[in-house]
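Here are some notes for a first reading of this entry.

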Amino acid sequence: METITLRVNGRAHQITVRGHQTLLDALRDGLGLLSVREGCGIGVCGACTVLIDGRPFSACLTLAALAEGREILTVEGLGTAEHLDPVQDAFLARTGFQCSYCTPGIILTAKALLDACPDATDEELREYLSGNLCRCGSYVKILDSVRTALARLRSH
Amino acid sequence: MVVRGVRERDAVEKVTGQIPYALNVTLPGMTYARCVRSPYAHARIVAVDASRALSLPGVVCALTRDDLTDGRLFPYYGAAIKDQPIVAIDKARHVGDVVAAVVAEDPETAAEAAALVDVEYEELPAVFDPVEALRPGAPLVHEQIVGHYEIPPNPIIRPQNGTNLINHMKVRRGDVERGFAEADFVFEDVYYSPALHHCALEPHVTVARWEDGQLTVWSSTQNPYFVRDQLAAIFRVPPERVRVLVYTLGGGYGSKTYARMEPLTAVLAWKAGRPVKLALTRAEEFVTTTKHEARVRIKSGVKRDGMLIAREVEIHYNAGAYADRSGTIARSGGIGSIGPYRIPNVKVDAYAVYTNRPNAVPFRGLAVSQVAWAYECHTDELARRLGRDPLEFRLQNLLHTGDRFATGEELEDIHFAELLEDAARAIDYHGPLPAPSAPERQVGRGLAVIIKHMGSNPATTRIDLRLDADGALTVLSSTVDIGQGARAVLARETARALDLPEEVVQVPYVETGTTPPDQGTTSSRSTFFNGLAVRAAAADLRRQLVELAARLYETAPEQVVVRSGRVFAPGAPAQGVPWGELLTGAGVASITASGTFGTQIWVDPETGQGKASHHWHQAAAGAIVEVDRETGKVYLRKLHLATHAGRVIDRPNAELQNEGCATFGLSQALFEELLFDENGQVTNPNLADYMIPALADFPADFSTTLAENPEPDPEVHGLGETGLPAVPPAIGNAVRDATGVRLASIPLLPERVLAALEAREAGTARTNG
């Protein structure tokens with residue numbers, strides 16, 4: 001067991017972890033960030049996606065100790081019910097979800113894409129977002145949500 | 001922003017990650033469970049010894065069969081036949097069958113302890129194929145069924161001792177032999193659908209707590225009341241002593257129906273004397289619920305003019321180790337296998353068969369997707385053999401309003417032809433084929449049209465409406481939100497029935513102590529049932545408001561008008577009295593109104609005659625594919641799905657149901673298959689090896705139709721499963737159109753398509769040579 005400092009959603013948290021503990025467990029069980037959810041456990045489905053220094057990572061494959069000193073973002077830090085991030089707002093407007101177990105991961109992936117590549121084409125969106133699986137099959141409206149966010153971003 | 005109404009509130013909680021799941025439940029003193037599972041498909045259990053596990057620090061308790069055999073508990077559960085033990089008692093019946101469980105202070109210790117439970121097995125011969133399992137002398141999965149297991153009265157399910165048969169459903173109409181004799185052509189084909197896994201991203205999660213003789217269970221279940229009653233039976237307590245709470249489910253698709261991990265978790269909490277949480281691992285999910293593998297032999301007699309006059313179908317559904325709903329799956333699939341066609345002479349034999357495979361349970365498109373794959377490929381082949389266009393051939397034989405179905409029932413509100421023509425238009429069926437995007441690719445178009453029952457049993461739903469003196473209106477329902485937006489629909493339908501703004505209606509989560517009984521959130525039934533139960537409850541609420549106002553204002557009930565959240569009565573203020581004020585004025589804290597809606601359906605299991613569905617779900621799909629001749633890969637260029645909705649309540653959520661069915665359907669056509677080795681072990685129990693579609697797999701060109709009836713208040717048709725069965729055969733028929741090759745088995749993997757293309761080339765070469 002060792003105590004590490006994780007910077008999550010703009011705040012530093014002291015947390016005690018075991019060497020093999022994943023960032024997923026540290027965020028979910030240690031910090032109570034319930035938007036971070038295990039799906040496949042092997043980095044395939046994207047349900048546990050968080051942004052580390054602005055880039056999407058599978059929290060289930062990331063060791064908590066190795067995330068020390070980096071900036072971690074979950075949807076709790078992206079926006080709140082009172083102040084939604086434009087990406088969250090676009091998903092809300094387009095109903096880009098069903099059961100929403102995968103939604104936080106998809107929103108964060110979309111956020112990273114839009115920040116890095118505001119000129120993304122439809123084909124690039126489809127490709128980039130294919131690391132996040134939605135078993136309910138909401139893909140039409142997920143794509144529509146991200147397109148909406150992109151269009152709003154461009155018009156500002 | 002201002003957040004209003006159930007729909008928006010849920011949506012905000014979803015995009016901020018705050019919507020509650022059973023996975024989030026944490027209780028003081030909570031412990032964690034882990035299952036011990038059989039490595040053998042079929043084995044007698046000689047001894048179970050948990051002593052090494054119990055000596056591990058942090059272990060709270062272990063559960064073995066010894067806890068089930070001393071009479072304190074009723075040790076079995078099951079949807080129709082109570083044949084599934086809480087942990088294995090005499091035998092393990094599939095690889096992954098639960099043989100013991102441990103509880104520890106943390107999940108890691110529980111996993112470590114589970115590996116220390118020593119089980120001695122005596123391996124038995126196993127059977128995996130449903131056809132083989134029915135042969136005399138096949139290994140018996142259950143030595144005795146009738147007289148051994150509790151089987152609640154159910155005239156449809158007829159298991160047979162000394163065999164692996166769970167149910168044999170028959171449909172008999174007309175004289176099929178005479179029909180074949182009178183036919184000008186008779187064609188027979190065999191089609192196959194593999195076992196699948198539901199793969200909800202949230203696993204099965206249950207938390208159980210015993211406190212003062214009361215059991216409280218938080219679970220990701222689609223059937224809260226069923227779970228309550230099964231738990232009450234296990235502990236031999238009245239159902240009121242069991243409370244089941246359900247929040248949002250992280251996907252279900254049938255996997256969270258009936259009782260899954262709730263009996264084990266509740267018994268572990270009982271033994272531990274502490275709250276217990278059990279969340280299955282991804283690998284465990286794959287051996288907990290599967291879809292029925294099915295083999296379908298289908299034979300049709302056609303007249304020279306193209307009229308279908310006879311059909312014989314034989315279906316074997318692989319039920320796995322426990323019966324669950326397989327009996328009704330044989331019934332629904334048996335009846336559904338005739339398809340949406342007018343055929344006067346029909347003979348169907350549908351078998352649900354025990355094997356040593358993991359449990360097969362309801363799966364979105366229940367029972368029908370397997371037979372639709374068969375009959376819609378077969379229909380295409382019939383047309384081609386007759387030299388007829390597949391669309392025209394279908395249109396010639398489709399059922400219409402007023403026709404009788406294979407069950408003998410007269411059909412109403414039938415739209416197959418419109419849906420099929422809509423799908424044909426969407427893929428430009430009569431236009432020239434689009435050019436291939438590469439020279440090695442061939443383009444083809446395919447169509448399919450399907451009929452599906454709603455619900456599999458006589459079913460009932462009750463809705464309570466509670467009006468409080470502060471004016472709050474609460475809908476109490478045990479419908480589960482699986483992502484379909486059930487709570488939003490309840491609020492909208494209630495607001496509509498009472499002429500209120502949607503925002504004032506509250507819908508709490510399911511809690512069997514307060515929300516009224518419901519059959520379950522299955523079978524695409526909830527929106528339809530809830531809508532009618534809400535209307536009945538709204539009528540009751542209006543009646544109570546009228547009585548209250550008549551009493552308060554000392555007037556005749558006929559003088560009272562209830563409108564838009566107010567009552568108008570002689571003696572009351574002219575602008576009307578808000579309902580809450582009426583209650584306050586009358587000194588009433590709250591009033592509760594109830595509404596119930598039920599359906600009665602019945603078919604004779606010997607003939608399939610009767611009424612099999614309150615109304616029929618209807619869908620058609622059209623697909624354009626490109627097939628790469630060199631790799632065998634199928635590219636889905638266009639997909640259209642048309643369903644009959646009757647009335648659309650929430651358009652985005654209704655579209656999402658069709659989009660979800662399209663995703664499931666294309667995945668079944670092209671990717672998904674649960675693989676087993678020769679010992680019955682699943683060899684792809686993870687998301688790297690079991691393929692579910694990503695956004696890039698979904699066609700860029702997708703469209704959908706939600707057909708509505710023009711009359712003012714048409715009957716709502718459920719959409720949760722309706723479209724799914726049409727999609728795989730539409731894709732299969734498009735591949736046939738593109739290549740000239742018919743593949744009888746899904747998924748249409750590149751290697752299979754390539755092998756079929758090569759086999760045809762070889763055959764052609766031989767013919768030519």
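Which residue stands opposite A:Leu6 in strand 2 of chain A? The residue is A:His13.

1. Basis. This is a predicted model, in which local features need pLDDT of at least 70 and side-chain atom pairs count only at pLDDT 80 or more, while totals for chains, interfaces and linings use all residues. Residues are numbered from 1 along each chain as its sequence is written, chains are lettered from A in the order in which they are written, and side-chain values use heavy atoms, with hydrogens and water left out.

2. Strand 1 (residues 2-8) pairs with strand 2 (residues 11-17) in the antiparallel sense, over seven bridges. Strands here are DSSP runs of E of at least two residues, and helices are runs of H or I of at least four, numbered from the N terminus; two strands pair if DSSP finds at least two bridges between them. The hairpin of strand 1 and strand 2 of chain A has two residues between the strands, and A:Asn9 takes a positive phi near 50° there. Strand 1 of chain A also runs parallel to strand 5 (residues 71-73) of chain A, joined by two bridges. A:Val8 has A:Ile72 of strand 5 as its bridge partner.

3. A sheet in chain B. Three strands form an open antiparallel sheet in the order 23-24-25. Strand 23 (561-563) and strand 25 (577-578) of chain B are the edge strands, each pairing on one side only. Three bridges join strand 23 to strand 24 (residues 566-568) of chain B, and B:Val562 is partnered by B:Val567.

4. Nonpolar cores. A core is a set of buried Ala, Val, Leu, Ile, Met, Phe, Trp, Tyr and Cys residues joined through side-chain atoms within 4.5 Å, where buried means under 20% relative accessible area (1.4 Å probe, protein chains only). The largest core has 214 residues, and B:Leu264, B:Val625, B:Ile731 and B:Leu748 touch the most other members. Helix 10 (residues 368-385) of chain B gives the most to this core, nine residues. Another core, apart from this one, has 40 residues, including B:Val6 and B:Ala572.

5. Contact between the chains. Chain A contributes 46 residues and chain B 57 residues, contact meaning heavy atoms within 4.5 Å. The rule finds four salt bridges across this interface, each a side-chain nitrogen of Lys or Arg within 4 Å of a carboxyl oxygen of Asp or Glu. B:Glu672 and A:Arg135 meet in a salt bridge at 2.8 Å, N to O.

Definitions and conventions:
Buried means under 20% relative accessible area, exposed over 50%, partly exposed in between (1.4 Å probe, protein chains only).
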